[in-house]
Structure formats: structure tokens, C-alpha cells
Amino acid sequence: MLGTTSPTGNDGPSHERNRYVNYTKSKLSRGYANKILNINLGTGAITTPDLDPQVRDYFTGGRSLGLYLLHQGTSATTKPTDPENPLIVANGPLGGIPQFPGTAKAMAVSLSPLTGIPGVSNFGGYFGAFLKYAGFDALQVTGKADADVMIIIDGFRQEVAIVSTPIVDEAFNLERDIAVRFVAAGHDKRHIAFLTTGIGAANTTYGCINSHYYDVTKHSPEGKGLFRTKQAGRTGLGSVMRDKNIRAIVVLADYPHGDNPFGAVDWDKAKKAGARLHTVVKEVDPHSLKMSRKGSAGLITFMNKDEYQALPVNNYQAGSDARAPQICGKFYAEKLFDHRGMDGCFPGCNLQCTKGGWVKLVSGNHMGRKVWVDGPEYETAAGFGSNLGIWNPEFIMEANWHCDNYGFDTITTCVIMAFLMECFQRGYLTGDDTDGLELTWGNEASSLAFIHRLAHGETELARVAGKGMLETVDWVVGRYRAKTGIDPRADLELFAMQTKGLPFSLYRTHRSLSMQGSYAAASDIGAHHAAAWLIKADLLGAFPTFEDKARALMTYPRVRLGNDNMGLCKLPWVDVFNPESADRRGDIYINPASQEIYADFYNGILGTDLTWEQIFELTDRDINLQRVMNVMRFGAETGRYDWIPDRAVGPTEDRLYEAEQAENDRELCEILQKPMKELLKMTTAEKRELLMTHRKAQLRKLVRVYYDERGWNANGIPTVATLQRLGLWEFLNGETRTRIAELTR
């Protein structure tokens with residue numbers, strides 16, 4: 001039924017004419033709602049087709065299903081800003097089941113306005129689960145609204161609405177307004193989950209999507225309970241949302257009830273698997289990483305170790321710093337995090353790693369106000385901390401809050417800022433170029449001012465930086481060449497930390513060839529760690545041989561991205577080492593004992609009888625689909641984009657070699673098979689060139705081996721035979737089949 005009225009119970013101004021449609025949801029079966037919600041904002045059409053069983057069973061859900069929908073909805077010429085570019089949110093069959101830890105994840109998928117290729121970002125909170133409870137495995141939004149709208153998915157009334165809404169440019173003001181609106185309409189805050197973004201998403205290509213949910217246990221100045229947020233930050237999908245004039249997407253739902261509320265084939269088996277993993281988390285985490293106290297910021301201490309040099313300092317120039325304890329997880333746990341209440345981002349997860357605290361703002365329109373900050377996570381703590389040369393945890397929390405409130409990605413923001421600071425350090429930029437901002441290492445006031453300017457697009461530099469790293473490099477080249485007649489591009493590209501247009505996440509990879517390969521080739525969205533976070537295991541010695549490193553580029557993405565397909569968080573297996581794994585053969589760092597628990601959960605819900613290895617091999621399907629979609633953008637040049645800047649490989653100047661000379665010399669002795677006394681005869685420049693040449697050759701070799709293992713040609717393009725073997729060929733559209741066949745002849 002389609003009509004025009006206000007369906008939320010809060011009619012609002014009389015001039016509002018809202019579109020809505022009623023639907024009938026089905027009982028959950030094997031973790032699926034078996035419906036997709038399609039909304040075209042241009043025409044106002046709202047449809048709720050069944051999820052094709054063949055598509056469901058092949059692509060599983062989450063990331064994989066989202067990529068399939070994106071592939072079907074776009075062509076090689078579709079641009080991220082085109083109305084037909086869909087914004088997709090998809091859960092997975094194991095998501096939203098609180099009887100197992102870490103089932104909060106959903107995936108946002110679209111063509112990225114930052115990179116032009118498929119953008120994928122996972123996020124926590126209740127939205128993905130509530131979308132399933134309301135009756136849908138995925139939401140797909142196309143078209144653009146003529147004015148600002150809110151999408152409302154009401155699982156109680158089984159009704160979907162497109163509602164006109166006032167302009168609110170800040171996410172937390174919008175959060176307040178949404179809460180007031182729906183509570184006034186009679187809804188319990190616990191039954192409301194919603195997505196928002198802010199003005200920063202409109203003025204950058206790397207807008208984030210905030211996922212809001214109500215935490216009844218967390219204390220606030222008004223009493224108990226407050227809305228909290230998780231983010232789909234990477235690849236700029238908040239900018240797609242804002243470009244479609246969507247201010248918010250709200251879902252109203254309650255948890256399924258009954259003896260087998262998710263339609264599991266073997267509910268007892270699934271529940272027992274959850275109980276086993278709960279026990280592992282309960283017994284291990286308090287004595288190991290202490291995620292329930294430190295959150296992921298606890299990782300700073302590990303990355304900062306002298307022997308690893310993996311914490312980026314001053315735009316990845318250095319890898320450790322004596323001041324790192326000032327921004328580490330222990331400091332946050334003891335000084336800033338509020339441990340009262342529960343800190344899981346979904347019921348049933350006893351890892352409790354969603355940390356946060358209160359901080360008083362010292363800048364912006366809300367200066368002097370005390371605000372709740374969810375975070376920082378490791379990436380934000382390192383990005384706005386060590387990588388900017390700033391060692392003030394309250395500054396980091398404030399920067400975190402502003403980015404969420406404005407609606408842009410913390411990682412992209414801070415890495416572009418670090419690039420600009422290094423340009424300032426090296427004289428490629430001056431105060432005249434930065435509108436008077438002293439973008440120097442450790443300058444908190446200028447950093448905050450830049451964030452505010454970026455959000456509003458106030459200056460030329462802010463507007464350029466809002467377009468992304470590649471455009472920022474072009475701009476600096478143009479400014480410097482106009483002043484000096486010298487083209488600095490080759491030098492700038494050494495330390496402009498991006499791959500495929502996506503700025504690096506916060507790991508310095510000099511001592512991890514595996515992680516270099518991950519950033520270069522295994523992560524098809526660009527330089528992000530979601531696909532293959534190999535650096536910690538590699539530094540611990542998990543991959544001692546070249547063959548081990550190449551194998552890890554296959555196995556770890558299968559598991560990590562497989563979790564994204566199923567609606568699961570990675571942290572309960574990544575960061576909680578099951579003691580039983582120590583007795584397993586092979587790679588114990590992939591935590592096989594816990595993987596067996598995940599397999600029992602999967603088999604219990606879906607009714608299959610697969611090993612964990614067999615389950616995660618299914619991920620090869622969507623890994624190849626995403627690569628195929630990249631090929632449709634990059635063509636025969638696809639392999640050229642599978643590379644990283646020199647700064648990610650090793651020292652880019654003699655001074656940086658000498659800063660870690662002992663380890664660099666030791667490695668060079670092994671490479672050259674010469675005693676140390678022979679190295680003493682060489683200049684630093686000679687040694688650095690030999691070291692960098694060797695490391696680059698090793699990375700090229702690793703990428704080639706990865707291509708071979710994947711069944712891709714020398715240009716990184718999947719062959720027809722590979723796609724047919726996987727069964728993916730039949731799901732590709734005609735345009736794609738023709739192009740792949742041409743490129744792999």
C-alpha cells in the first residue's frame with residue numbers, strides 16, 4: 001500500500017507530504033529475513049522483493065551480498081555521484097544473534113567518492129540487527145531526493161516511509177532531535193537505531209556514517225542511559241548518503257522472541273557455541289589484552305615497541321616514541337574511560353571493548369561543553385596522536401568527537417593532515433598556503449582549527465583536502481611549482497600515504513612484508529587493514545618464510561572478510577587467543593580453536609556441516625567479485641594500482657635510515673651475506689638504496705605470488721577460468737564478462 005501521510009505517529013508540520021508503503025515480514029529462517037528493501041528517492045518508489053535464494057546461498061550476506069547488489073546496479077561508467085549509484089546496508093545471517101559474542105556488524109557498500117571503486121565499510125551498533133528484525137537482509141537506496149529526507153523503517157507497523165526533515169548539519173544535534181521525535185511518538189529508546197552523517201560529509205569525499213544506538217547502562221549527567229555511536233568510516237560512504245540528501249535512516253524494531261527466534265536449523269548447537277566463546281572471552285581477556293578496560297587503544301603499546309617500530313610517528317617517518325604511554329590504552333583506562341555500565345556495542349558480547357568517556361571541548365561552536373566521546377579506537381588514537389606528533393589524549397578525544405559530529409572519517413582526515421604537516425616541515429607549504437595555520441607537528445590549536453575549516457569547506461586548502469589525498473598532492477605540486485618553478489611530485493609521492501586513493505590506516509609497515517602486501521594488493525578498497533590485518537602476527541613471527549607470508553595473504557582475508565559477510569565482529573577471535581589453539585598444528589595465530597567455535601555457530605544456524613576452512617573459502621567469491629569491479633575501473637592497468645608509497649616500504653631519506661641504523665644494517669648484512677665490517681665501508685645513501693631496492697623486489701615478488709595463488713593474471717585480473725571455477729561467472733553481467741574475457745586473452 002502506497003500513500004502520502006505521516007506514518008510515525010508524530011505528524012509534524014501540515015505541509016509535509018510523506019511517502020510510505022506497508023509490507024509483510026516473514027519469520028526469520030536460518031538467520032535470514034529473506035527480503036530486500038529497495039528505495040528510489042528520485043521516484044519515491046519503495047519495494048520489498050524477496051531475496052533470491054540462489055543469490056542468498058552463493059553470496060551469504062553482508063559485504064558479499066552488498067557487492068553483488070552494487071555490481072548489478074552499476075556499470076563501468078557509473079560515477080559515485082550518479083543517482084543510480086546505490087547506497088547499500090546489509091547484515092548477515094549470523095548478525096543480530098545475542099547468544100553469540102560480537103554479532104553487531106553490518107556493512108555499508110557503494111561506489112566510493114574518494115576512490116571511484118567499490119567502497120566497503122563495516123560498522124557496529126544495533127542498526128544491522130534491527131534491520132533484520134524489521135524484516136530485511138539489505139537496504140538499497142538509489143536516486144536523489146529533491147530535499148532533505150529521513151527514511152523510517154518501522155518493524156512494529158511493518159511500514160517504510162520517506163519523510164521530509166529539517167536541515168540539521170551536526171550528527172549529535174540530529175541524534176537529539178530524532179530521540180525527541182520518536183520518544184514523543186511513543187517509542188522506547190531501546191527500540192530505536194539510526195544512521196546519520198553531518199556537514200563534513202557534504203564538504204568532503206570521505207564522509208562517515210554514524211550508527212546510533214541506545215545504551216541503557218551508561219551513566220550521563222541526566223541519569224542512566226545515553227545514545228552511543230559506531231562508524232562506517234572508510235571510503236566515504238557518508239558522502240554518498242549526504243549526496244542523496246538523506247539526513248538519517250531510522251529503524252524501529254524489537255528483538256525476536258520464542259524458542260528458536262532466528263530460525264536456526266540446530267538452535268542448541270548455535271547456543272552452545274556462543275556459550276563456549278563467551279567462556280573463552282571471560283577467561284582470557286582480563287589476563288591478556290584487557291580489551292574490556294583499554295579498548296583497541298591498548299594496541300598502541302605493542303606497535304610502539306622498539307623491535308617492531310610499527311606505530312606511525314610524524315606521518316610514518318618514525319615507528320616508536322618515548323611519549324607513546326601518554327596516549328596508550330592503559331592511560332585511557334585509568335584516566336579517561338568511564339567504565340560504569342556495559343561497553344558492548346550489542347547485547348551478548350562480553351568482550352566489552354566499546355570504550356568511551358567525557359571530555360570538555362576547547363574549540364568550535366561547542367567550546368566549553370562537556371561531551372561524551374565513543375573512543376578513541378586504536379586508529380584514531382594513533383592518527384590524531386603519534387602521527388601528528390601530538391601526545392595529549394584529551395585532544396585526541398576532542399578530534400574524535402568533532403569528526404563524528406561533522407560526519408567524516410577520522411583515519412582519512414588525520415592522514416591527510418599528517419601529509420600537510422610534512423609538506424610544511426619540508427618547505428613545500430608555508431603559512432601563506434595554509435591561510436595562516438601553522439601546520440607543525442604537535443600543534444593542537446592549528447589541528448583543531450583545520451578540522452573545523454575542513455568540515456565547512458571554509459578555505460581553499462580545506463576544500464582541496466576535502467577531495468582526498470590525490471587531489472591534495474596535485475594542489476601542493478601546483479602551489480610549489482608556481483612559486484619556485486620546481487615540480488616536487490616525485491618527492492611528495494614518497495610520503496603521500498595512500499593506495500588506490502585511500503589513505504593508509506595507522507600501521508607503519510617497514511618490518512612487515514606481509515602487511516605491505518596486504519595494503520598493496522589484498523585490500524581492494526585501498527590501504528586499509530580490514531581484509532588482511534597481518535602486521536601483529538607477522539611481527540610476532542607467525543610467517544617466518546616467504547611462502548608463509550604469501551599464504552597468509554590468502555587465508556586471513558578469507559576469515560576476516562568472511563566475518564563481514566556473516567555479520568560478525570572480528571575482535572573476539574583476533575584479540576582473544578583461545579589457549580586450545582596453542583596445541584593445534586599449522587598457523588596458531590589464526591586462532592583455530594576459536595575458528596572451530598565459529599564453525600559450530602555457522603553450522604547450527606544454517607544447517608550445514610562445514611569446517612571453518614571450508615566456510616571461509618567461500619569468501620573467495622566476493623574477493624574476486626570486488627577485484628572484478630576494480631578491473632572495470634582500472635582495466636589493463638589494474639596491477640599498477642597494487643602498490644604502496646616508498647615511505648611504507650622503508651626509509652625515504654638517509655636521516656630516517658640512520659634513526660634505525662642497527663636494525664637496518666643487520667637486515668642488510670643478511671641480504672648481502674656480508675659481515676658488518678663490510679657495511680661500515682658504505683655510505684648511508686648506498687646502504688639505503690640497497691635496502692630499499694631489495695624490499696621493493698620482495699614486495700613485487702609477494703604480489704606476483706599472491707596473483708598466482710588467486711588465479712589472476714600478471715596484471716592482477718581474475719581469469720575466466722578462475723571465475724568459472726568459483727561459480728562467479730554466471731552472476732556477472734554481460735558487460736563485465738565481455739571486458740574480463742578481453743583483458744585475459
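Helix H20 and its partners

A: Pro 557, Arg 558, Leu 561 and Asn 565 of H20 meet Asp 620, Asp 622 and Ile 623 of H24, contact being heavy atoms within 4.5 Å. By class, this contact of H20 with H24 comprises three nonpolar, one polar and three charged residues (Ala, Val, Leu, Ile, Met, Phe, Trp, Tyr, Cys and Pro are nonpolar; Asp, Glu, Lys and Arg charged; the others, Gly among them, polar). The model is predicted, with local features requiring pLDDT of at least 70, side-chain atom pairs pLDDT 80 or more, and totals for chains, interfaces and linings using all residues. Residues are numbered from 1 along each chain as its sequence is written, and side-chain values use heavy atoms, without hydrogens and water.

Helix H20 covers residues 546–566 and helix H24 residues 620–634 (helices are DSSP runs, H or I, of at least four residues, numbered from the N terminus). Their axes lie 9 Å apart, at an angle of about 90 degrees (axes are lines fitted to C-alpha atoms over the stretch in contact, with angles from 0 to 180 degrees between N-to-C directions). H20 is therefore roughly perpendicular to H24, a term for angles of 65 to 115 degrees.

Helix H2, residues 62–73, also packs against H20, at about 75 degrees and with the axes 4 Å apart. H2 and H20 are therefore roughly perpendicular to each other as well. Gly 62, Arg 63 and Ser 64 of H2 touch Leu 561, Asp 564 and Asn 565 of H20. One nonpolar, three polar and two charged residues form this contact of H2 with H20.

Conventions
Helices (H or I, at least four residues) and strands (E, at least two) are DSSP runs, numbered from the N terminus. Angles under 35 degrees count as roughly parallel, over 145 as roughly antiparallel, 65 to 115 as roughly perpendicular and the rest as oblique.
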